[in-house]
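Subject: Structure handover

Hello,

Here is the structure I promised you. Please open it next to this email and follow along.

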Amino acid sequence: ARSTAFKKLGGEMKIVGDVVAGKQAFDAEAFKAEAAKLAEAGAEPFKHFEKDTTGSDGSARPEVWSEPEKFKAAEDQFKADLDAFVAAANEGDLAKAAPAFGK
C-alpha cells in the first residue's frame with residue numbers, strides 16, 4: 001500500500017512539475033485541480049508507515065523506525081510545504097506557485 005501510494009504521489013508530482021517546468025501549458029483552473037489531487041496523494045503514503053510485527057518492514061529505510069522523531073518532523077515539513085504550494089496554486093499565479101512547488 002505504501003509503495004502504491006508513493007507511486008501515485010510521484011505521478012501527481014510529475015503532472016504538476018511538467019507545468020511548472022513549462023513542458024505543459026498553464027491553465028489556472030486545471031492547475032488548481034491538480035494541486036488538490038497532489039495534496040490528496042501527498043497525505044496517503046504516511047498512513048502506511050506502521051512497523052510490521054512479522055519482521056518485514058518493506059523497503060522503508062531503517063531510520064524511519066530507529067529515528068521516529070526525525071521521520072515525523074520530515075513528514076510534518078513535507079505536509080507544511082505541500083499546504084503552502086496548494087495555497088499558492090489556488091491563487092492562480094504560476095510565478096507564485098512554482099517556488100512553493102520546488103520546496
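Start with the largest pocket, which holds about 190 Å³ of space. Please keep in mind throughout that this is a predicted model.

**The largest pocket**

Which residues line the largest pocket? They are A60, R61, E63, V64, E67, K70, F71 and A74. Select them in your viewer and you will see the lining. By class, 4 of the lining residues are nonpolar and 4 are charged. No polar residue takes part in the lining.

The largest share comes from α4, with 3 residues.

**The overall picture**

Now step back to the whole chain. The protein has 5 helices and 0 strands. Along the sequence, the pattern reads α-α-α-α-α. The C-alpha trace spans about 50 × 25 × 20 Å along its principal axes.

How many of the residues are buried? The protein has 103 residues, and 28% of them count as buried. Next, look at contacts between residues at least 6 apart in sequence. Of these, 67% join residues at least 24 apart.

**Salt bridges**

The whole structure contains 9 salt bridges.

First pair: K32 and E29. These two form a salt bridge, and their closest N and O atoms are 3.2 Å apart. Both residues sit in helix α2 (residues 28–43). They are 3 residues apart, about one turn of the helix. K32 is partly exposed, at 23% relative accessible area. E29 counts as exposed, at 56%.

E44 is partly exposed, with a relative accessible area of 30%. K47 reaches 52% relative accessibility, so K47 counts as exposed.

Is E75 buried or exposed? E75 is buried, because its relative accessible area is 10% and the cut-off for buried is under 20%. K79 is partly exposed, at 31%.

**A charged residue without a partner**

Go to E12 next, in helix α1 (residues 2–20). E12 is buried, yet it has no salt bridge. Which side chain of opposite charge is nearest to E12? That is K37, and it is 5.5 Å away.

Not counting residues up to four places away in sequence, E12 touches E34, K37, L38 and A41.

G11 lies in helix α1. G11 is partly exposed, with a relative accessible area of 33%. D18 is found in helix α1 as well. At 15% relative accessibility, D18 counts as buried. Leaving out residues up to four places away in sequence, D18 touches K23 and Q24.

Finish with two pairs of residues. G11 and F46 are 35 residues apart along the chain, and their C-alpha atoms are separated by 17 Å. F78 and A43 are also 35 residues apart along the chain. How many Å separate the C-alpha atoms of F78 and A43? The answer is 9.5 Å. Show both pairs and look at them together.

While you are there, stay with F78. This residue is in helix α4. F78 counts as partly exposed, at 25% relative accessibility. Setting aside neighbours within four places in sequence, F78 is in contact with L9, G42 and F46.

Best wishes

Definitions and conventions. Residues are numbered from 1 along each chain as its sequence is written. This is a predicted model: local features need pLDDT of at least 70, side-chain atom pairs count only at pLDDT 80 or more; totals for chains, interfaces and linings use all residues. Side-chain values use heavy atoms; hydrogens and water are left out. On a 1 Å grid over the protein atoms alone, a cavity is a set of points where a 1.4 Å probe fits but cannot get out, and a pocket is an open set with protein on both sides within 12 Å along at least five of seven lines; lining residues have an atom within 4 Å of a point. Grid points are joined across faces, edges and corners, and a volume is the space filled by probe spheres set on the points. Helices (H or I, at least four residues) and strands (E, at least two) are DSSP runs, numbered from the N terminus. Ala, Val, Leu, Ile, Met, Phe, Trp, Tyr, Cys and Pro count as nonpolar, Asp, Glu, Lys and Arg as charged, and the others, Gly among them, as polar. A salt bridge is a side-chain nitrogen of Lys or Arg within 4 Å of a carboxyl oxygen of Asp or Glu. Buried means under 20% relative accessible area, exposed over 50%, partly exposed in between (1.4 Å probe, protein chains only). Lys and Arg count as positive and Asp and Glu as negative; His and the chain ends are not counted. Contact means heavy atoms within 4.5 Å.
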